Amino acid sequence: MSCCFCFSGDKLSPEERKGKYGDAWGQYADNENKFRVKLCGAPCAEPCCWMGSMICFPCAQYKLRHMALNHAEPGSGWSNYTCCQSMFGGCCCIQPGNLGEENCPQACMCLEGCCCPGMAVSASQGMVMQQYGLGLDEDDVRIIRCNNCLQVLACMASILNICIDFDGDDAVVGIINAIADIVFCCVSGCMTARTYHEIKEREKEAPEKYRMER
């Protein structure tokens with residue numbers, strides 16, 4: 001992860017706050033409160049959750065979202081679920097809240113975890129950030145920027161591979177995609193473990209509230 005330090009840890013710039021994804025995270029950029037553990041420290045804080053989320057990512061996101069929903073409103077079950085918790089808006093006829101979530105929230109969450117893994121974990125983390133006014137520290141921003149850069153690089157390499165043909169091109173693109181996938185899995189696992197840890201520690205501080213409601 002040493003390559004992450006090549007990226008700036010400064011707060012998100014106005015340009016980075018544009019678009020649906022940037023707008024979703026921009027609202028937390030100036031928050032001074034931080035998570036109890038850094039993104040890099042999440043695997044040590046919750047090793048089983050971190051490894052489990054990478055082994056079966058959709059299952060981990062299903063569990064994490066249920067925890068986040070019932071942490072925000074104890075005893076609510078899946079009643080407050082919408083696709084990605086409506087954090088990123090919609091596209092054309094695909095609009096959160098109108099995708100059958102009310103009738104089949106659990107099935108919709110399974111599809112979300114499989115089809116939109118990055119947004120799924122971001123939505124669960126965003127719920128906790130919104131509830132407690134949490135922001136991102138410098139290391140978090142560096143890691144997220146590194147991950148985003150690798151995903152863009154992998155996408156561009158795949159497109160160029162279609163247009164340009166040279167010896168070994170498939171191998172090069174395959175390596176780039178493999179690196180991008182590994183980093184994505186690690187970062188998403190860290191986000192899952194950190195959000196899980198934050199919820200668990202917050203509930204330890206007020207156990208009666210959550211025990212009575214559940």
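Visitor: Where in the chain is K38 found?

Guide: K38 is found in the loop between α1 (19-26) and α2 (42-45), where helices are DSSP runs of H or I with at least four residues, numbered from the N terminus. This is a predicted model, in which local features need pLDDT of at least 70 and side-chain atom pairs count only at pLDDT 80 or more, while totals for chains, interfaces and linings use all residues. Residues are numbered from 1 along each chain as its sequence is written, and side-chain values use heavy atoms, with hydrogens and water left out.

Visitor: How should I read the phi angles of Q85 and S86?

Guide: Most residues other than glycine have a negative phi. Q85, which is not a glycine, has a positive phi of about 50°, and S86, also not a glycine, has a positive phi of about 60°. Q85 has its place in the loop between α4 (57-72) and α5, and S86 is found in the loop between α4 and α5. With a relative accessible area of 17%, Q85 is buried, whereas S86, at 39%, is partly exposed.

Visitor: At what angle do helix α3 and helix α8 pack?

Guide: Axes are lines fitted to C-alpha atoms, for helices over the stretch in contact, and angles run from 0 to 180 degrees between N-to-C directions. Helix α3 (residues 47-55) and helix α8 (residues 169-205) pack at an angle of about 135°, with their axes 8 Å apart. The two helices are therefore oblique to each other, since angles under 35 degrees count as roughly parallel, over 145 as roughly antiparallel, 65 to 115 as roughly perpendicular and the rest as oblique.

Visitor: Which residues of the lining of the second largest pocket are nonpolar, polar or charged, by number?

Guide: Ala, Val, Leu, Ile, Met, Phe, Trp, Tyr, Cys and Pro count as nonpolar, Asp, Glu, Lys and Arg as charged, and the others, Gly among them, as polar. The lining here divides into 14 nonpolar, 4 polar and 3 charged residues, and its largest share, 4 residues, comes from helix α5 (residues 105-115).

Note on methods. Buried means under 20% relative accessible area, exposed over 50%, partly exposed in between (1.4 Å probe, protein chains only).
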